[in-house]
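Here is a brief report on a single protein model. It covers charged pairs, helix packing, a surface patch and a few contacts.

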Amino acid sequence: MIQRIQTLYLLAIVILGITLCFKPVIQLVTPEEAAELQVYELSALGGAPLQGLWGLLLTTVLMPLLALVDIFLYKKRLLQARLNIFLALLCLGYYGVLAIYIWQAKLALGVEWNILPWASIPLINFVLTLMATRRILKDEALVRAADRIR
């Protein structure tokens, strides 16, 4: 299991996904015309002015959880590849959910937003997922070729 390179890719997704759960991804700043400068940081666990960020929390928690489940499906390569495709779509869906929350904050609070470096983790996870899927399908082709020879 651990000797397969796709397992290392999936393990990296788990580690990065857990890190993303606790790091802020967006910084909300009141405009310069405001009386006082307020800075809020938005993470999966929420932000000071915004409540009900369950969509962001759900996508953030599902990424490492699905990757962890995916690691233990090493004997079912086709199921593992399908789950990886869903994981890749979830990584991209994270940015859709994040855009919705930024739009809500901009409308409700009238703030400007700055993206933090931690927001690139789902994109990194997306690339790692594609690399893992490619290796899984390569393993499946190798096993099928070996079965044909017998």
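E140 and R144 form a salt bridge, with the closest N and O atoms 2.8 Å apart. A salt bridge here is a side-chain nitrogen of Lys or Arg within 4 Å of a carboxyl oxygen of Asp or Glu. Both residues lie in helix α4, 4 residues apart, about one turn of the helix. Helices are DSSP runs (H or I, at least four residues), numbered from the N terminus.

The model is predicted: local features need pLDDT of at least 70, side-chain atom pairs count only at pLDDT 80 or more, and totals for chains, interfaces and linings use all residues. Residues are numbered from 1 along each chain as its sequence is written, and side-chain values use heavy atoms, with hydrogens and water left out.

**Charged pairs**

How buried or exposed are the two partners? E140 is buried, at 12% relative accessible area. R144 is partly exposed, at 45%. Buried means under 20% relative accessible area, exposed means over 50%, and partly exposed lies in between (1.4 Å probe, protein chains only).

E140 also pairs with R77. Their side chains meet in a salt bridge of 2.8 Å, N to O. R77 lies in helix α3 and E140 in helix α4, so this pair ties together parts that are 63 residues apart in sequence. R77 is buried, with a relative accessible area of 19%. Through shared partners, salt bridges join R77, E140 and R144 into one network.

A search of the whole structure finds 4 salt bridges. Among them is the pair of E112 and K106, whose closest N and O atoms are 3.7 Å apart. E112 is partly exposed at 43% relative accessible area. K106 is partly exposed too, at 37%. As a general point, side chains of opposite charge can pair when their charged atoms come close.

Which way do α3 and α4 run relative to each other, parallel or antiparallel? Helix α3 spans residues 77-109 and helix α4 spans residues 121-149. Their axes come within 9 Å and cross at roughly 165°. That makes α3 roughly antiparallel to α4. Axes are lines fitted to C-alpha atoms, for helices over the stretch in contact, and angles run from 0 to 180 degrees between N-to-C directions. Angles under 35 degrees count as roughly parallel, over 145 as roughly antiparallel, 65 to 115 as roughly perpendicular, and the rest as oblique.

| Pair | Axes come within | Crossing angle |
|---|---|---|
| α3 and α4 | 9 Å | roughly 165° |
| α1 and α2 | 8 Å | roughly 155° |
| α1 and α4 | 8 Å | roughly 160° |

α1 and α2 are roughly antiparallel to each other. α1 and α4 are roughly antiparallel as well.

Handedness comes next. The crossing of α3 and α4 is left-handed. α1 passes α2 in a left-handed crossing. The crossing of α1 and α4 is left-handed. A crossing is left-handed if the near helix is turned anticlockwise from the far one by less than a right angle, and right-handed if clockwise.

**Nonpolar surface patch**

Which residues make the nonpolar surface patch? I18, F22, L45, L57 and V61 do, over about 490 Å². The elements that give two or more residues to this patch are α1 (5-22) and α2 (54-71). Patches are made of residues with over 30% relative accessible area and no salt bridge: like charges are joined within 9 Å, nonpolar side chains (Val, Leu, Ile, Met, Phe, Trp, Tyr) within 5 Å. Accessible areas come from the Shrake-Rupley method with a 1.4 Å probe; for residues, only the protein chains shown count as cover.

V61 is found in helix α2. V61 is partly exposed, with a relative accessible area of 38%.

**Contacts along the chain**

I121 sits in helix α4 and is buried, at 5% relative accessible area.

V69 belongs to helix α2. V69 counts as partly exposed, at 41% relative accessibility. V69 and Q80 are 11 residues apart in sequence, and their C-alpha atoms are 9.0 Å apart in space.
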